[in-house]
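Thank you for making time for this today.

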Amino acid sequence: MLKSLPKLRLMLVVSIVLLVIAGCGSNNNSNGSEASQSSEQPASSVQASASAEPSASEEPQGYVPTELTVQFVPSQNAETLEAKAKPLEELLSKALGIPVKVSVSTDYNTIIEAMQSKKVDVGFLPPNTYVQAKEMGAAEVILQAQRFGVNEADGTPTTDLVDFYKAMIVVKADSGIKTLEDLKGKRIAWQSVTSSAGYVYPAVELKKAGIDPNTDVESVELKGHDKGILAVLNDDADAAAVFQDARNIVKKDFPDVFNQIVPLHFTIPIPNDTISVRADMNKEWMTKIQDAFISLGNNEDSRKIIFEIYSHQGYAKSDDSKFDSVREYAKALQ
């Protein structure tokens with residue numbers, strides 16, 4: 001028994017040594033695991049750091065023009081209007097730093113289609129035409145024209161700048177037509193069916209008076225409010241729907257026009273014309289275009305040019321909500 005005791009002690013020592021080695025091995029594995037985990041953390045930190053750093057300069061959002069195409073609707077003789085608008089090319093080009101091309105559309109629908117197909121960047125759109133273009137995703141309003149108000153008695157301007165105007169239905173002074181009801185069965189000269197002053201508002205006023213503009217009158221469609229005045233003057237129409245006061249356009253050639261052609265009816269106020277841009281226009285360029293046109297109204301020489309085109313005295317920033325009443329009035333025509 002005593003002889004076996006050293007062997008037992010030896011076995012006990014060996015067992016203890018083995019346990020110690022196993023424990024050390026376990027600690028080493030644990031440290032290795034932590035080292036492995038800690039070695040992965042810097043990689044994820046690097047990734048997080050890399051993603052936090054600003055990326056390379058992004059491309060501008062929206063359309064950025066290198067040449068700006070501007071188009072007008074024909075409120076008067078298209079050739080005359082285009083000649084009057086040509087000086088804007090140089091003025092806007094200097095203000096924007098890119099070439100500018102000005103043209104006149106053949107009608108209201110054409111300019112909407114041109115903006116929708118990205119062939120025109122900036123359109124001078126009457127309110128109803130703008131609303132239609134907006135609904136089609138073709139345009140965004142950025143500016144509204146400012147004009148002096150108009151005295152209803154004699155068509156002369158007031159001294160107040162306003163952002164609205166009225167339409168009027170005019171007849172010959174000796175026509176015997178005294179009320180809207182008297183227009184039943186008569187020939188009426190209209191502008192395009194999207195023209196606020198040349199069709200929409202006067203047609204709604206007719207409907208309110210019990211006259212259906214589609215069936216109760218003979219319609220004559222013209223291009224240019226001056227043509228409407230001349231149609232009545234030359235007995236080609238019994239009445240015409242025009243903006244207030246379109247007689248001033250032809251007064252130079254027909255000095256007696258205010259005596260021969262008289263207003264039969266004035267509509268409710270209509271928001272002034274818009275300057276609208278194609279719907280995908282870059283936001284910064286929207287602002288640049290706004291500033292360029294506003295500057296035209298702040299300079300005496302350029303203000304004369306824009307007055308010759310559309311009787312505009314200047315421009316003020318606008319937004320789509322200002323045309324909610326136009327939408328409501330358009331529904332009344334349906």
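Let me start with the largest nonpolar core, which has 70 residues, and in which Leu68, Val70, Phe72, Leu183, Ile289 and Phe293 touch the most other members. Helix α6, running over residues 196-208, gives the most to this core, with seven residues. Please keep in mind throughout that we are looking at a predicted model.

If we pick out Phe293 and leave aside residues up to four places away in sequence, this residue touches Leu92, Val122, Phe124, Leu143, Ile275 and Tyr315. Apart from this core lies another one, of 15 residues, and among them are Ala189, Leu233, Ala240 and Ile261.

Now to the pockets. The largest pocket holds about 1100 Å³ of space, and of the 44 residues that line it, Phe243, Asp245, Asn248, Ile249 and Ser311 lie nearest its centre. Several elements each supply at least two residues of that lining, including the strand β4 (139-150) and the helices α6 and α11 (300-310). Sorted by class, the lining of the largest pocket has 18 nonpolar, 14 polar and twelve charged residues.

The second largest pocket has a volume of about 230 Å³, and its lining includes Asn128, Glu135, Thr194, Arg327 and Lys331. Two or more residues of this lining come from each of α5 (127-135) and α12 (324-332), and it is α5 that gives the largest share, four residues. Here the lining divides into five nonpolar, four polar and three charged residues.

Key
Residues are numbered from 1 along each chain as its sequence is written. This is a predicted model: local features need pLDDT of at least 70, side-chain atom pairs count only at pLDDT 80 or more; totals for chains, interfaces and linings use all residues. Side-chain values use heavy atoms; hydrogens and water are left out. A nonpolar core is a set of buried Ala, Val, Leu, Ile, Met, Phe, Trp, Tyr and Cys residues joined through side-chain atoms within 4.5 Å. Buried means under 20% relative accessible area, exposed over 50%, partly exposed in between (1.4 Å probe, protein chains only). Contact means heavy atoms within 4.5 Å. On a 1 Å grid over the protein atoms alone, a cavity is a set of points where a 1.4 Å probe fits but cannot get out, and a pocket is an open set with protein on both sides within 12 Å along at least five of seven lines; lining residues have an atom within 4 Å of a point. Grid points are joined across faces, edges and corners, and a volume is the space filled by probe spheres set on the points. Ala, Val, Leu, Ile, Met, Phe, Trp, Tyr, Cys and Pro count as nonpolar, Asp, Glu, Lys and Arg as charged, and the others, Gly among them, as polar.
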